[in-house]
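The sequence and structure are shown first.

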Amino acid sequence: MMKKANIVLGGLLLLASLAGSAQGKFYTKTGRISFFSSTPLEDIDAINRSVVGVLDTKTGDLQFAALMKGFEFRKALMQEHFNADYAESTKYPKAEFKGQITNNGEINYTTNGSFAAKVKGKLTIHGVTRDIETSGTITVKDGKLTLASTFNVLVADYNITIEKLYRDNIAKTIKVTVDCTLSPL
Amino acid sequence: MSIPFSLKLTAAVVIVFVILLIIAILRKRKRYILPLTALVILGILFGIWKGLREYNRTNEDLSHVKADVKISTTELIHDYEANDSLANQNYLGKVIEINGNIKKVERDEKGFYTVVLGDTVTHSSVRCAMDTVHNADAAVLRAGSSTILRGACTGFNKDEMGLGSDVILNRCAIIIKKD
């Protein structure tokens with residue numbers, strides 16, 4: 001009786017460890033997120049190449065984190081402005097997204113191809129969390145997944161205020177582009 | 001965001017000259033008017049040149065910049081894991097010169113290099129995203145050897161996703177290669 005119980009327990013533990021193992025999870029630590037602001041006066045763009053991201057292909061759970069100081073601008077002055085005045089990167093060092101791929105069942109992660117993905121979740125920037133919904137594509141190629149999406153973010157939604165002096169230089173809506181290639185964990 | 005000191009000083013000097021010029025005009029001191037006008041114009045031109053230079057300034061190559069902090073990989077990871085907000089006060093945005101063992105050298109699909117420092121026992125690392133001008137230096141680095149790098153600290157990614165925790169350095173330059 002004891003032996004049977006042990007075997008069952010052992011089997012359960014094995015199953016639990018298999019389920020708990022990272023099977024089905026994909027990750028990156030070199031994901032890219034860029035943003036673009038366009039006004040008649042000037043265009044501003046910045047890119048972060050050290051974005052961390054995890055996708056659980058079984059559940060569709062998706063998570064990204066980007067350090068604000070990791071956004072690089074063409075001009076150093078803009079970068080300093082962004083960190084000191086707008087993103088307040090010392091106070092709010094990280095931007096995060098936590099959400100799900102809502103049509104996860106329609107994506108075949110095992111064969112090469114490109115799939116339309118719908119994403120829903122919570123985006124935290126500048127200490128403010130907001131619900132967002134967007135779409136993108138997931139490209140499966142040789143066991144790696146490339147996630148691509150573009151969406152707009154309203155600067156005012158995240159309590160970021162732009163002084164009058166620069167109001168014509170910075171757009172009210174910022175275009176955010178995600179381009180991350182995830183490898184199996 | 002503050003205006004650079006040199007620009008403030010230029011503006012102050014120009015304002016003083018403008019005031020002197022106005023006084024000279026009002027008191028009809030003709031011999032001062034021309035030199036003061038020239039000084040005001042020169043001051044304004046200098047201000048414009050300085051301003052444009054500041055506006056177009058690009059991020060510096062950190063191989064030429066003096067480090068704010070010199071530290072080992074183990075120590076930096078330890079400080080962040082012990083108290084990340086305190087560590088941010090000491091390291092965030094600073095130029096860090098770091099020495100340590102190379103865990104691996106990663107090249108992403110777009111050709112950007114990241115040198116991962118740390119020991120092979122723990123999951124924690126210091127991830128050094130290379131400045132593209134130093135890509136060639138990173139390409140020859142091998143896992144298992146040690147190195148000294150200089151980069152700007154952009155913060156800490158706690159192990160919230162099961163990927164291990166990482167301190168991130170950006171715009172890195174290799175200072176010394178060791179075997």
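Helices (H or I, at least four residues) and strands (E, at least two) are here DSSP runs, numbered from the N terminus. The model is a predicted one, and every value below is computed from it.

**Chain B**

Under that definition, chain B holds five helices and six strands. Read from the N terminus, these elements follow the order α-α-β-α-α-β-β-β-α-β-β. The radius of gyration of chain B is 25 Å, whereas the globule rule gives 16 Å for 179 residues; chain B is therefore more spread out than a compact globule. The C-alpha trace of chain B extends over about 80 × 35 × 25 Å along its principal axes. Buried residues make up 28% of the 179 residues of chain B. Among the contacts in chain B with a separation of 6 or more, 64% are between residues 24 or more positions apart.

After helix 1 of chain B comes Lys28(B), which has a positive phi near 55°.

**Contact between the chains**

Chain A gives 27 residues to the contact and chain B gives 26 residues. On the side of chain A that touches chain B, two or more residues come from each of strand 1 (25-38), strand 2 (43-56), strand 3 (61-67) and helix 2 (76-86) of chain A. Helix 2 of chain A supplies the largest share of that side, with seven residues. Sorted by class, the side of chain A that touches chain B consists of ten nonpolar, eight polar and nine charged residues.

**Strand pairing in chain A**

Which strands of chain A pair with strand 8 of chain A in the antiparallel sense? The table lists two such pairings.

| Strand of chain A | Partner in chain A | Sense | Bridges |
|---|---|---|---|
| strand 7 (residues 128-141) | strand 8 (residues 144-154) | antiparallel | six bridges |
| strand 8 | strand 9 (residues 173-184) | antiparallel | ten bridges |

Leu147(A), in strand 8 of chain A, is the bridge partner of Ile138(A). Leu147(A) also stands opposite Cys180(A), which belongs to strand 9 of chain A. Strand 7 and strand 8 of chain A form a hairpin with two residues between the strands, and in this hairpin Asp142(A) adopts a positive phi near 45°.

Conventions
Residues numbered from 1 in each chain as written. Chains lettered and ligands numbered in written order. Predicted model: local features only at pLDDT ≥ 70, side-chain atom pairs only at ≥ 80, totals over all residues. Rg over C-alpha atoms; globule rule 2.2 N^0.38 Å. Buried ≥ 20, exposed ≤ 12 C-beta atoms within 10 Å, placed from the backbone. Contact = placed C-beta atoms within 7 Å. Nonpolar A, V, L, I, M, F, W, Y, C, P; charged D, E, K, R; others polar. Pairing = 2+ DSSP bridges.
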